[in-house]
Amino acid sequence: MRITCPFCGERELGEFTYLGDAKPQRPAADASEEAVYDYVYLRDNIAGVMSEHWYHGGGCRAWLKVTRNTLTHEISAVEPAAGAGAAKVGA
Amino acid sequence: MKYSIFSLARAALSGHKNWKPTWRDAAPKDRYDVVIIGGGGHGLATAWFLASEFGIRNVAVLEKGWIGSGNAGRNTTIIRSNYGLPGNTGFYELSMKLWEKMEQDLNYNAMVSQRGVLNLYHSDAQRDAFARRGNTMRINGIDAELLDQAALRKMLPFLNFDNARFPVQGGLLQRRGGTARHDAVVWGYAHAASELGVDIIQNCEVTGFTRDANGKVIGVETSRGKISAGKVGMAVAGSSSRVAAMAGLRLPIESHVLQAFVSEAIKPLIPGVMTFGAGHFYVSQSDKGGLVFGGDIDGYNSYAQRGNLPVMEDVCEGGMALIPMIGRVRLLRQWGGIMDMSMDGSPIIDKSPVDGLYINAGWCYGGFKATPGSGFVFAHLIARDQSHKEAALFRLDRFQRGAMIDEKGQGAQPNLH
Amino acid sequence: MRGDQANRLNNGGLIDRSAPLNFRFDGKTFSGFRGDTLASALVANGVKLVGRSFKYHRPRGILTAGSEEPNALVELRSGARREANTKATTAELYEGLEAASQNRWPSLNFDVMSVNQLFAPIFVAGFYYKTFMWPAKFWEAIYEPAIRRAAGLGRAAQVPDPDHYEKAWAHCDVVIAGSGPAGLAAALAAGRSGARVILCEEDFVLGGRLLADGGTIDGLPAAEWVARTLAELLAMPDVRIMTRTTLFGVYDGGTYGAIERVNDHLPTPPEHQVRQRLWRIVAKRSIVAAGSIERPIVFAGNDTPGVMMASAMRNYINRYAAVPARRIALFTNNEDGWRTAETAIAAGLQVAAVIDARPDVSPAHRSLASKGGFPVLHGSVAGVDGGKAGVRKISVSLTGGARAEVEADGLAVSGGWNPAVGLTSYHRGRPKWRDDIAAFVPDGAPPGMVAAGAANGAFGLGACLREGFEAGAAAARDAGRSGSTGSMPIADDAAFSLTPLWHVAGKGKAFVDQQHDVTASDVELAQREGFESVEHLKRYTTLGMATDQGKTSNVAGLAIMAAVTGKSIPETGTTIYRPPYVPVAIGAFAGHHRDENFHATRLTPSHHWAAEQGAIFVDTGLWKRAQWYPRAGEKDWLESVTREVKAVRSGVGFCDVSTLGKIDVHGRDAGTFLDRVYINAFSSLAVGKARYGLMLREDGIVYDDGTTSRLAEDHYFLTTTTAKAGLVMQHLEFCRQVLFPELDVQLTSVSDQWAQFSIAGPKTRDLLKEIVDPAEDLSNEGFPFMGAREVKLRGGLKARLFRISFSGEMAFEISVPARYGEAMARNLMIAGKPFGVTPYGTEALGVMRIEKGHVAGPELNGTTTAADLGLGKMMSTKKDFIGRVMAGREALVAPDRQVVVGIKPTDKARRLRSGAHIIPKGETPGPDNDQGYVTSVCFSPVVDQWIGLGLVERGRERIGEIVRAHDPLRGEDYDVELCNSVFYDPDGGRQRG
Amino acid sequence: MADFSWDVRSPLDRTLVAGPYGVQGDAGVALTEIRNFDLVQVMARRGKASEMAQTAQARFGVAAPETPKAVGASDATLIWSGPDQFFMLSKGGKHSIEALAPVFAGSASLSDQSHARALINVSGEKARTMLAKLSSIDLHPDVFGVGAAAATSMDHTSVTLWRGTDRNGQVVFNLLVFATFAQSLWHTILDSAAEYGVTIGHSEDLA
């Protein structure tokens with residue numbers, strides 16, 4: 001598998017580390033225990049196109065959001081995490 | 001049809017023309033007391049135990065392809081009960097005891113071979129962790145031995161003791177561990193269950209659940225029509241999330257690919273099962289002569305049943321680091337299975353939140369060794385609506401309660417278990 | 001005829017007659033020529049019997065001339081270089097080659113195990129599933145060992161492989177598998193377009209079938225065309241031709257695996273060279289021009305030595321000038337097989353008969369027969385007389401029912417051709433059936449891959465060139481190359497007519513899978529027993545699972561299954577194709593990463609100095625760390641370590657702690673950021689101060705700990721444990737980039753920038769005064785406990801000084817830029833000499849941390865909470881942090897959890913061991929009273945006995961209780977006391993003093 | 001007062017043996033360790049990437065690389081090391097972290113990496129062939145031209161690789177390797193290069 005890092009270009013799998021589904025969002029500080037449980041433990045485990053967190057630790061150390069088909073391993077999009085680099089985020 | 005050397009000899013006289021199918025290839029009936037989804041080892045074992053131990057014989061096993069086409073037919077055939085945490089220790093030993101009498105139970109030779117499972121250690125910290133685990137095993141009445149380097153040099157002189165990046169220092173040995181012929185386990189359970197009246201239905205894919213007004217599952221929809229059922233059990237590791245989703249459930253499970261490899265057949269070289277403690281590599285040698293080996297999962301969600309080169313290289317690096325005499329042995333075949341990786345590395349055997357639906361899932365890469373135990377406790381749960389005592393901790397709600405069974409201590413990150 | 005090569009033709013072939021080579025087979029010396037394979041040299045020497053089969057130990061000869069060979073397997077080379085199961089058909093001959101037949105005892109000619117043939121009526125497919133079950137104990141003791149000894153084929157070497165392997169990467173626009181007409185034409189078109197091309201050929205010469213079958217291309221004899229083409233390709237700078245290289249697999253993202261047999265054609269690799277090289281080829285497009293494989297017809301006695309694929313016979317005669325038989329019969333169901341009759345006649349050999357299963361034979365072939373004076377028999381082969389000496393007589397059942405016999409010493413067989421669909425099917429694409437050629441052709445190939453030529457079912461020479469050329473041009477175009485492709489090579493297409501014939505029913509064993517001894521009746525038996533799915537068939541009979549990966553057997557097997565079930569072949573389907581395309585040495589996949597090079601080694605800045613001191617090193621992750629520093633006269637490690645501990649506790653010592661992960665945390669929001677990743681507060685930490693921090697995973701379990709200092713308002717210096725350094729960095733980057741992207745935080749690993757030493761003991765300040773500039777105030781007031789700031793050293797070098805203690809003594813940690821690390825160690829020795837300074841290793845470090853009750857790896861085991869570790873009070877209630885919510889789950893705050901407690905044997909002379917379990921006194925050990933275990937132990941010089949830490953149920957409420965340390969693994973069981981986990985200086989006066 | 005000195009030792013000081021290695025004859029690969037350099041990691045503060053770039057332009061007279069490139073200034077090289085960050089490689093203290101800290105205050109965070117890396121210069125006819133055994137990236141001159149840079153891995157170890165100006169008609173690759181891994185990777189490089197013949201040396205000058 002090869003992932004096109006938006007910063008570095010196409011690189012081989014060995015430079016990246018996988019975390020998992022990028023859909024679950026960390027609940028706010030006042031969220032219920034149930035919401036945090038859902039975030040930490042439950043997964044859609046999609047058979048098909050999924051958005052995932054990958055880390056380019058063997059390269060530029062950017063966290064990436066990779067859109068990948070879990071049935072074919074085909075990668076259709078890669079974008080940097082919101083806070084990769086120094087871009088201003090939010091207010 | 002009873003199998004023995006005598007029946008074989010008799011059959012030989014007639015040119016083996018009189019053998020009957022090993023199991024009946026049944027067509028679906030309208031209704032069963034219990035429908036098991038998944039014709040792998042776990043599903044077929046569950047059916048056999050329902051019929052033989054719990055007196056429930058109106059049972060169907062539904063398989064979307066051919067029986068044993070999932071992980072039962074693509075694993076590395078290891079059996080062991082060397083677990084360290086409450087919940088796992090007793091359960092896997094229950095399973096091991098069932099392995100030890102399986103062939104006589106089933107009248108089928110699954111080639112259960114207790115040639116030993118050896119986990120190697122390479123540091124004091126690893127030795128201490130193995131000591132803790134081995135003592136747990138002993139306290140639970142399971143055989144375990146802690147071997148030092150001198151003992152290993154005698155036993156396995158070909159290991160890399162002297163020229164290694166991480167020299168082998170010793171190992172935790174379970175002599176009762178070993179291997180079994182994976183396909184034969186499937187066929188053996190199918191054979192025995194079929195003899196007791198269980199319907200084994202191949203090429204029958206479940207496409208949905210039938211629910212009553214209260215939401216209770218009362219049957220399944222399949223590629224071969226609707227089938228109603230008193231209870232439905234799912235034993236579809238690798239596809240658990242997909243099947244559970246048909247009932248509106250989300251599970252603490254991710255699907256990951258695990259590769260396995262076999263070498264060309266060679267004369268006996270490696271006696272038992274061994275695992276490298278300083279890398280991702282484990283190996284045994286099949287009766288046919290192939291080195292059967294594997295390592296870590298590829299590490300990303302996948303339903304593709306095939307892996308990539310980095311893990312393949314990683315596994316072979318581990319193999320060469322541990323056993324440098326296998327350099328010229330050739331890798332013959334590579335394949336991948338889809339693992340139900342749970343959030344703590346341990347399985348789930350429980351009633352689901354949906355009435356009438358029972359879950360057997362989350363086996364990670366350890367499902368094969370659990371086959372008989374899993375079948376037994378799952379049959380118990382379905383028949384009695386109560387967890388067997390050795391499966392009492394495999395509850396689905398344990399993550400909500402914080403009662404994880406995390407042998408590796410990696411937390412809620414399935415690809416690290 | 002030349003010397004002992006009695007079956008070598010006087011002329012012709014691609015062998016170098018000026019380079020004779022001697023070799024040995026089963027101890028007997030033969031000769032051959034450069035350009036021979038072992039198989040062709042054996043053929044030239046008249047050797048017919050080369051191996052024994054897997055189950056029945058039947059005598060076997062050479063069936064093919066390529067990597068599809070099921071029978072002619074040998075142990076090649078000897079000693080540490082012995083290679084089991086090497087195909088004689090692909091092994092290049094070299095001077096001094098040694099080979100031995102395998103799976104026989106005592107000799108190939110007289111093999112005791114061939115008695116298995118007597119039991120053949122019982123040893124049918126799957127017989128072992130039905131027996132060997134009683135008594136249960138006999139399986140491991142008797143049956144299985146016998147089966148294991150009988151099974152297997154060759155013997156692997158039993159000592160480490162002395163050769164080297166390596167791995168490399170290559171990148172191109174187009175990778176091509178195979179250099180037959182299709183592959184060469186593809187390379188031409190792509191290369192001329194300007195594409196970067198890699199052409200992989202598993203043979204040691206280019207040409208594929210052209211080498212044996214010749215032909216005319218662009219008006220030139222094939223050999224000349226190949227030479228011209230090769231010259232043109234070699235002149236292109238971005239075309240790379242790799243012979244002895246097999247493309248074996250296709251992986252995601254256009255990554256291909258290839259194995260280059262760099263030096264297998266030599267007795268041993270030259271110095272500094274590898275035996276084999278594994279290539280990871282990244283290509284935008286790929287063309288499978290791997291050709292097709294001629295398939296056998298299954299008939300009784302089809303495994304007799306002397307029965308050979310028709311095309312293989314042409315290989316031996318035309319390419320190697322080696323004669324497999326003098327009087328050849330041909331059994332074919334297609335036009336192409338007749339080429340072997342033509343070849344035989346051209347070589348001056350006799351054709352005994354052609355047995356053609358088709359109703360009609362072309363007029364050209366009819367006239368060939370009459371000119372050659374041999375009969376054409378319409379029918380099929382019903383049996384072969386022979387045995388280990390080879391084919392003698394062939395019985396033929398003629399169309400219409402009559403019988404005929406043909407005397408011959410060789411039987412060429414052609415059942416048609418199967419395109420090599422392996423590579424195109426490895427992503428689980430299933431090949432599709434084509435009725436016109438009665439074969440499966442590629443379908444559903446992985447992205448970017450196409451098949452061309454015979455691999456795609458195009459069997460004519462002209463068609464191969466056309467398909468290859470077009471595929472090459474298209475691939476180059478797809479890769480963005482637009483140069484002119486020039487003109488396409490042209491050749492005529494021979495007619496191809498075939499009447500499918502898979503199996504001739506008859507008496508006697510008819511083999512489908514020759515290596516695994518799977519017969520046609522085994523396939524029928526499998527069907528009878530319900531193993532009808534092709535995957536069941538494969539698994540039940542082991543059809544196609546041998547070292548030839550079913551290349552000659554799979555399709556025949558499923559055709560027979562189709563026949564007995566009444567289904568069509570495409571309905572019956574194929575099994576899943578699995579890489580690698582040819583078996584590949586495990587050593588090649590490992591490459592450089594074996595022995596000491598298995599993983600990288602990290603060295604601390606003072607490593608070489610420590611080595612000079614005679615330090616014993618321990619592996620900690622990738623690091624080598626000084627474990628202790630033995631001195632002359634010390635009898636064991638314990639004596640050395642105890643000395644080191646005492647030296648620190650009474651004077652001063654130092655230890656290289658550079659392995660700790662070190663991270664610069666910069667930014668306006670650095671404090672807020674750390675508040676969220678640690679359970680305790682860091683935004684409130686004053687500049688110039690250090691604080692111990694604990695971080696959890698999101699599931700509430702402790703992840704890592706370490707000391708973090710605030711060096712400036714917007715700059716923290718965070719340390720991690722050695723083990724988790726990389727993982728914590730990754731986790732913090734996740735927090736920074738994904739969870740809290742709004743914060744202004746920058747993270748940089750500075751682990752390698754700083755050499756860091758812990759200096760500990762009551763005389764620490766005395767020593768430091770010698771090192772540090774006198775202007776720096778190191779007094780308790782000037783540099784209090786948990787102070788952290790930059791200082792100037794004597795000589796002007798700047799360093800960072802932290803007043804932190806892991807040992808419980810008055811201690812500092814000092815950091816200098818890493819290139820000064822070795823000088824620092826030397827200077828500490830010089831400066832500390834008056835105070836008896838002692839370097840100490842990780843063992844002494846460990847002793848002192850246990851004496852102080854500090855938790856480390858064995859307690860931070862991924863299942864413990866902050867409270868379990870006695871650190872629950874650190875959890876802030878005023879802020880959110882990672883892991884906060886999940887840490888509150890009922891089972892994680894249950895009162896009966898196992899928590900850290902001190903442990904010491906009641907008998908002071910007793911050694912305590914990690915891994916011993918804690919059982920209440922007076923109870924029989926069992927799962928219900930297993931209350932915990934010992935996590936860390938040491939011999940404590942200050943307590944003067946073995947002590948330890950443990951995780952014990954309600955441990956902290958049970959201080960003073962006597963329990964059992966139960967250690968059945970080591971046969972020990974003794975009383976221990978649960979005690980306070982801080983054994984030394986519980987008030988902490990020493991570290992603050 | 002004790003008498004001691006602060007000798008510096010490069011990470012390869014004890015390992016590197018100057019002279020020929022491997023196959024005899026014309027060396028296909030030349031390896032030179034560059035010693036004692038200043039290396040500063042410059043990372044933009046959040047929202048301050050353009051300020052950082054302006055500061056770099058003002059200070060060095062060249063634009064800081066925004067894509068994987070190495071940019072030469074008169075007395076320094078700016079090497080891209082990740083999004084909105086770069087390495088500042090120089091000699092002699094002029095662009096040391098102390099010198100740069102006030103310049104980038106407010107726009108970027110600086111981290112001294114001078115001692116955290118070893119710098120290895122790889123050149124020769126077989127340099128690219130040899131590096132193909134270690135590096136998974138495409139070093140074809142059309143793809144990886146002069147000035148191209150990459151944050152990548154070799155032998156599972158993070159490295160920064162860039163192509164310098166050709167020397168004597170031959171490509172020159174520069175390799176920044178973590179100091180504590182340097183000796184290990186050095187041995188791997190030697191093993192990979194031995195079949196081509198190697199010339200080994202070290203230098204105090206940035207090429």
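Let me start with the contact between chains B and C. This is a predicted model, and in it the contact takes 90 residues from chain B and 92 residues from chain C. On the side of chain B that touches chain C, several elements each supply at least two residues. The helices among them are H1 (5–13), H4 (102–106), H5 (124–139), H7 (182–195) and H9 (309–322) of chain B. The strands are S12 (253–265) and S16 (330–342) of chain B. Which of these gives the most to that side? H5(B) does, with nine residues. By class, the side of chain B that touches chain C has 39 nonpolar, 30 polar and 21 charged residues.

Now to strand S16(B), which also pairs across the chain boundary. Its partner there is strand S30 of chain C, residues 584–585. The two run in the antiparallel sense, over two bridges. If you want a place to look on the structure, find Arg330(B), which stands opposite Ala585(C) in S30(C).

That pairing belongs to an open sheet of nine strands, with mixed pairing. The order is S5(B)-S6(B)-S4(B)-S13(B)-S14(B)-S15(B)-S12(B)-S16(B)-S30(C). Which strands stand at the edges? They are S5 (145–148) of chain B and S30 of chain C. Each has a single partner strand, so one side of each is left without a neighbour in the sheet.

Helix H9(B) comes up again here. H9(B) lies across S12, S14 (282–285), S15 (290–301) and S16 of chain B. Against S15(B), the helix runs at about 135°. So much for the sheet; H9(B) and S16(B) are also among the elements that supply the side of chain B that touches chain C.

Last, chain D. Chain D has four helices and 12 strands. Its radius of gyration is 18 Å, close to the 17 Å that the globule rule gives for 207 residues, so chain D is as compact as a globular protein of that length. Along the principal axes, the C-alpha atoms of chain D fill a box of roughly 60 × 55 × 30 Å. How many of the 207 residues of chain D count as buried? The figure is 59%. As for contacts in chain D with a separation of 6 or more, residues 24 or more positions apart account for 67% of them.

Notes. Residues numbered from 1 in each chain as written. Chains lettered and ligands numbered in written order. Predicted model: local features only at pLDDT ≥ 70, side-chain atom pairs only at ≥ 80, totals over all residues. Contact = placed C-beta atoms within 7 Å. Nonpolar A, V, L, I, M, F, W, Y, C, P; charged D, E, K, R; others polar. Pairing = 2+ DSSP bridges. Rg over C-alpha atoms; globule rule 2.2 N^0.38 Å. Buried ≥ 20, exposed ≤ 12 C-beta atoms within 10 Å, placed from the backbone. Axes fitted to C-alpha atoms, helices over the stretch in contact; angles between N-to-C directions.
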